[in-house]
Every structure is written in C-alpha cells, then in structure tokens.
Amino acid sequence: MIVGLDVGGTHTDVVVLRGKEILCKVKLLTDHDNLIDTVCFGIFEATRDLEPQAIQRVVVSTTLATNAIVQGITDEVGILVASGPGINPNAFAIGDYYYSVSGAVDHRGKEISPINDEEILEIGRKLSSKNIRNLALVSKFSVRNPALEFKMRDLLADKFDNVTLGHKLSGHLNFGRRIATAFLNASVARISSEFYAAVRSCMEQQSIQVPLHILKADGGTMAQESSVQYAVETILSGPAASVMGALTVADSAREVVVLDIGGTTTDIAVLV
C-alpha cells in the first residue's frame with residue numbers, strides 16, 4: 001500500500017492506495033499556524049486502521065515552496081557569482097544580496113583567475129551581520145570545473161546554515177538560469193527541509209518506517225535525504241501532482257487542459 005499526502009494552501013489530503021484502489025481518503029483544512037499538526041492528524045486518520053508493516057512508501061506533494069515564492073516569504077539569500085570576462089554578471093542580478101566577485105574559469109574548464117579570499121570573507125561578514133543564513137555560490141562554466149564554487153564554499157560554509165552550489169543543480173551551460181536556480185534553491189531549502197523532516201516525524205509517531213518520497217516538478221520522485229540539496233526540484237510539486245492525476249483519466253487521443261485552482265495559486269497545464 002502507498003500513502004499519498006498533498007498539503008495545499010487551503011486543504012490537506014491524504015489517501016491510501018492498494019494498487020489503483022483507494023482504501024481511505026481524508027480531507028481537512030490546512031492550518032498554517034499548526035501545519036505539522038494538520039499533517040500528523042491527516043496521516044493518523046488515514047492509517048489508523050492499517051498495519052504499519054503493510055505500508056510500502058509515503059509520497060508527498062505540496063505547494064509549500066510554490067506559495068512561499070509567490071507570497072514573497074522565502075528566506076533571504078546571499079548569492080556570490082564569479083563570472084569572469086564576457087557578459088556583465090549584473091545582468092543576472094537576483095535578490096537583495098547579489099555580489100559579483102573575482103575569479104574565473106574559461107569554457108574549457110581551466111581556471112584563469114583565482115578567487116580573492118579576503119573579498120569572499122568580507123562578503124560573508126556583511127551577510128552574517130544582516131543575519132542571512134543561506135548562500136548560493138555560482139561560477140561560470142562550473143559544470144566543467146567547479147573549483148571556484150568549492151573554494152567559496154570552503155571559505156564560508158561554517159558561517160551559514162544552507163549553502164547551494166550552482167553546478168550541483170544543473171549540468172547545462174546556461175549561466176543565467178543556473179544563477180536563478182541556485183538562488184531559488186537556497187531560498188526554499190530551510191522551509192522544505194523542516195517540513196519534510198516534520199512529515200518524517202509524523203510517520204514515526206505512527207510507527208510507519210518506510211521511505212518518504214517527494215514529488216518533483218517532472219512527475220518523478222526524490223528521496224527525503226535529497227530534498228535539502230535539491231529543494232528547487234520540489235517547487236512545482238503541487239502542480240505536478242495535479243498533472244500526474246489527470247494523466248490517469250485523460251483521453252490520450254485528445255489535447256487536455258488541466259486547471260488546478262488552489263487557495264493561493266492557479267496552475268494550468270496542457271497535455272498533448
């Protein structure tokens with residue numbers, strides 16, 4: 001059996017599936033002041049008549065990170081970008097604490113200019129003085145040589161709670177997108193980490209000792225352990241759940257519009 005949990009802006013839903021059969025479903029209002037209590041109560045109600053050993057896995061989708069971004073309540077992020085020669089790195093500026101720093105790697109992955117240690121440490125001190133706990137570190141061509149990102153991390157990691165390295169999120173040579181992706185990842189890392197850890201705690205209270213899977217934007221899943229480093233992949237988790245659900249009933253011979261009207265956002269997808 002599989003337990004599915006969907007935490008939305010208005011309602012939280014929990015279902016228990018055996019194959020394609022729905023054995024139990026629970027819908028309750030999402031209490032944002034006591035989000036974890038909502039989740040724990042939902043899991044308890046859905047599984048109280050089940051033997052924990054019969055549950056194979058728990059899958060979670062949520063608009064928590066999506067809504068945080070839309071509502072502007074994500075964590076502040078300090079982002080350091082080493083671009084080297086070429087396009088002005090300030091063209092990709094994002095957030096209130098964006099720093100273009102020295103250091104460069106060329107398109108072959110050869111380091112052509114080193115990181116300035118003191119410059120990085122000074123930025124770290126500035127960010128710490130503003131109580132910013134999240135970092136995103138990106139260098140151009142880091143997918144071919146991430147040495148500069150590693151160097152910045154080594155200088156700063158012990159002073160911050162979450163550190164995102166751009167090359168860890170994408171292997172593509174798209175510098176601007178990698179900057180934005182790293183920034184978003186760092187901005188929701190704490191929110192996502194605390195939420196999924198709380199879901200795990202709720203499971204353990206019900207003696208459910210199985211893997212916890214997080215639905216990703218592409219419809220696949222990722223393990224809870226990966227959700228901190230790759231939190232950005234769960235940003236569209238909630239909307240993806242609607243699409244995956246629609247795929248099970250949609251007419252594959254026709255185009256289908258999936259309209260998901262939630263308490264905070266409305267999401268539209270087209271199945272071709």
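Reply: In this predicted model, F92 counts as partly exposed, because its relative accessibility of 26% falls between the limits of 20% and 50%. F175, by contrast, has a relative accessibility of 10% and therefore counts as buried. A search of the whole structure finds two aromatic pairs. Because F92 belongs to the loop between β5 (78-82) and β6 (97-101) while F175 belongs to helix α5, the pair ties together parts that are 83 residues apart in sequence. The other pair is made by F195 and Y196, which are also edge-to-face, with 5.3 Å from centre to centre and 65° between the planes. F195 counts as buried because its relative accessibility is 3%, and Y196 is likewise buried, since its relative accessible area is 2%.

What do F195 and Y196 line? Together with T62, L64, A65, S192 and T234, they line the largest cavity, and the search of the whole structure finds one cavity of 30 Å³ or more. About 30 Å³ of space lies in this largest cavity. Helix α5 (175-205) and helix α2 each supply at least two residues of the lining, and α5 gives the most, with three residues. In terms of residue class, the cavity lining consists of four nonpolar and three polar residues, with no charged ones.

L64, one of the residues lining the cavity, is also among those that lie nearest the centre of the second largest pocket, along with H32, L35, I73 and I191. That pocket has 19 lining residues and holds about 310 Å³ of space. Helices α2 and α5 again each supply at least two residues, here joined by α1 (35-47). The class make-up of this lining is eight nonpolar, nine polar and two charged residues, whereas the lining of the largest cavity has no charged residues.

At least two residues each come from β1 (2-7), β2 (11-18), β3 (21-29), β4, β11, α6 and β13. Helix α6 gives the most to this lining, with seven residues. By class, the residues around the largest pocket divide into 13 nonpolar, 20 polar and seven charged.

Helix α6, which spans residues 237-247, also has a buried part, made up of S237, G238, P239, A240 and A246. Among the elements covering these buried residues are β4 (57-62), α2 (64-71), β11 (212-215), β13 (256-261) and β14 (266-271). Of these, β4, β11 and β13 each also supply at least two residues to the lining of the largest pocket, while α2 is one of the contributors to the lining of the largest cavity and of the second largest pocket. In this way α6 takes part in lining an open space and also has residues covered by other elements.

One further buried position deserves a place in the account. T164 is found in strand β10 (residues 162-165) and counts as buried because its relative accessibility is 6%. Its side chain makes a polar contact of 2.9 Å with the side chain of N185. When neighbours within four places in sequence are left aside, T164 is in contact with L135, A136, L137, L169, A182, N185 and A186.

As a setting for these details, the protein contains six helices and 14 strands, and its C-alpha atoms fill a box of roughly 60 × 45 × 30 Å along the principal axes. Buried residues make up 44% of its 272 residues. Of the contacts between residues at least 6 apart in sequence, 60% join residues at least 24 apart, and the pair of F92 and F175 likewise ties together parts that are 83 residues apart.

Technical notes
Residues are numbered from 1 along each chain as its sequence is written. This is a predicted model: local features need pLDDT of at least 70, side-chain atom pairs count only at pLDDT 80 or more; totals for chains, interfaces and linings use all residues. Side-chain values use heavy atoms; hydrogens and water are left out. Buried means under 20% relative accessible area, exposed over 50%, partly exposed in between (1.4 Å probe, protein chains only). Helices (H or I, at least four residues) and strands (E, at least two) are DSSP runs, numbered from the N terminus. Contact means heavy atoms within 4.5 Å. A polar contact is a pair of N or O atoms within 3.5 Å; within protein, one must be able to donate a hydrogen and the other to accept it, and residues adjacent in sequence count only if both atoms are side-chain atoms. On a 1 Å grid over the protein atoms alone, a cavity is a set of points where a 1.4 Å probe fits but cannot get out, and a pocket is an open set with protein on both sides within 12 Å along at least five of seven lines; lining residues have an atom within 4 Å of a point. Grid points are joined across faces, edges and corners, and a volume is the space filled by probe spheres set on the points. Ala, Val, Leu, Ile, Met, Phe, Trp, Tyr, Cys and Pro count as nonpolar, Asp, Glu, Lys and Arg as charged, and the others, Gly among them, as polar. Rings of Phe, Tyr and Trp (its six-membered ring) pair if their centres lie within 6.5 Å; planes under 30 degrees apart count as stacked, over 60 as edge-to-face and the rest as tilted.
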